[in-house]
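Reader: Could you show me how to read the salt bridges of a protein model, going from the general idea to the particular case?

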Amino acid sequence: MKKIVVLICCCLLALPVTSRAQEVPEGWEFGGWEFFEVYHDFGNSPFFGSFYFEHDNYHYKYFDNCYIRTILGVKILPWLKADVGYDFVVEPSVLKHKLLLDLTGTLKSGNFKVSLRQRYLHTWLHSGGPQDNELRSRLKVQYDVPGTRWSPYLAMEVISWGQWRKTRHYVGSHYNFNSWLQLETYYIYYTHRDKPAQHILGIGLNFNF
């Protein structure tokens, strides 16, 4: 198990470097997101926290964006949770800060799980200047395949503020190595109001302690 985890981590770290010289057909918007998340429940209390790191590279450049996120949340009801988070975003020419407020409801029936997340996101630049707001609404349907460790899912996230801006269409799956380690892979068809659609491949690790 340790060898598998080390191998996956090495692959995640190596993706931006090994892909630097790849050529992308003209007109394509293609990229990869590599990430890991550490989630922790605070004992028997309703509170939880998480740390999230994500690297985004588009057209397989060496560096595009890097996200560092911390979250503190509370389980209001067995099916409802709320959390507040902060993002520090590093882009090639700018640093950004983001405040996140989430409300997520989850319902389970047999091996199916359906969740709806509403996220408010406020963004400001480290250097000052214009600020921005977004509302992100995500619907996710997941199925735990009996007798396996796979949990495929479909999801759609609509991003707007006054008018539609973007939509992410997800096809992905979780693979549970054990109770505390999970591999996640996905493909996103990412449509935008003001630029061509993007094709995103994502891979990462989720830790639960």
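**Reading the salt bridges**

Author: Lys75 counts as partly exposed, with a relative accessibility of 37%, where buried means under 20% relative accessible area, exposed over 50% and partly exposed in between (1.4 Å probe, protein chains only). This is a predicted model, in which local features need pLDDT of at least 70 and side-chain atom pairs count only at pLDDT 80 or more, while totals for chains, interfaces and linings use all residues. Residues are numbered from 1 along each chain as its sequence is written, and side-chain values use heavy atoms, with hydrogens and water left out.

Reader: How many salt bridges does a search of the whole structure find?

Author: A salt bridge is a side-chain nitrogen of Lys or Arg within 4 Å of a carboxyl oxygen of Asp or Glu, and the search of the whole structure finds 9 of them. In one, the side chains of Lys75 and Asp41 meet at 3.1 Å, N to O. Lys75 belongs to strand β3 (residues 65–77) and Asp41 to strand β1 (residues 30–41), so that distant parts of the chain, 34 residues apart, are linked; strands here are DSSP runs (E, at least two residues), numbered from the N terminus. Asp41, at a relative accessible area of 28%, is partly exposed.

Reader: Are Arg119 and Asp102 buried or exposed?

Author: Both Arg119 and Asp102 are buried, and the closest N and O atoms of their salt bridge are 2.7 Å apart. Because Arg119 lies in strand β6 (residues 112–125) and Asp102 in strand β5 (residues 94–109), the pair ties together parts that are 17 residues apart in sequence.

Reader: Which residues are linked in a network of salt bridges?

Author: The network links Asp132, Glu134, Arg136 and Arg165.

Methods: Helices (H or I, at least four residues) and strands (E, at least two) are DSSP runs, numbered from the N terminus.
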